[in-house]
Amino acid sequence: MPDKRVLSHDLENVYNLNEDAVIAAIEKHFGDDEEACRCGVCIEDIFALSLNKMPAKYIQNYFGARDPERLVDNVLIERTVRDALAQVAKHPHHD
Ligand SMILES: [Zn+2]
C-alpha cells in the first residue's frame with residue numbers, strides 16, 4: 001500500500017479504530033465456529049465486509065491509546081462480524 005501523506009506529513013498515526021475491534025471479534029467467532037473456513041481469502045473478505053458495513057472510526061493513535069473501549073460499539077461489531085461470517089460462508093471467493 002502506498003504511504004499516506006499530505007504535504008509530506010505522514011498520516012500513519014491516523015487509523016480506523018474499528019479495525020482492531022473487528023480483528024478481535026473475528027478471532028473470537030473462529031473460536032466458537034469450527035466449520036468456518038480459515039483461508040486467507042475468507043479472512044480478508046470477512047474483515048473488509050465487516051468494516052464496510054459500519055461507520056469508520058478514524059482517530060489519531062494518541063487519542064486511541066487513552067480510551068479505545070469508549071469509542072468502539074462492540075455490540076454493533078459483534079453483530080456485523082457474525083453477519084459477514086455467514087455471508088462469506090454462503091458465497092466464498094476461495095477456489
Ligand atoms: Zn476460504
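Reply: Happy to! The protein chain has a mean pLDDT of 89, and 92% of its residues reach 70 or more; pLDDT is the predictor's confidence in each residue, from 0 to 100. This is a predicted model, in which local features need pLDDT of at least 70 and side-chain atom pairs count only at pLDDT 80 or more, while totals for chains, interfaces and linings use all residues. Residues are numbered from 1 along each chain as its sequence is written. Confidence is highest in helix H2 (residues 40-52), at a mean of 97, and lowest in helix H3 (residues 61-64), at 68. Helices here are DSSP runs of H or I with at least four residues, numbered from the N terminus. Where pLDDT is low, the predicted coordinates should not be read in detail.

Now for the pair itself. Helix H1 (residues 18-32) and helix H5 (residues 74-90) have axes that come within 9 Å and cross at roughly 55 degrees. The axes are lines fitted to C-alpha atoms over the stretch in contact, with angles from 0 to 180 degrees between N-to-C directions.

Which residues make the contact? H1 brings Asn18, Ala21, Val22, Ala25, Ile26 and His29, and H5 brings Asn74, Ile77, Glu78, Val81, Arg82 and Leu85; contact requires C-beta atoms, placed from the backbone, within 7 Å. By class, the contact of H1 with H5 has 7 nonpolar, 3 polar and 2 charged residues (Ala, Val, Leu, Ile, Met, Phe, Trp, Tyr, Cys and Pro count as nonpolar, Asp, Glu, Lys and Arg as charged, and the others, Gly among them, as polar).

Conventions
Helices (H or I, at least four residues) and strands (E, at least two) are DSSP runs, numbered from the N terminus. Two residues are in contact if their C-beta atoms, placed from the backbone, lie within 7 Å.
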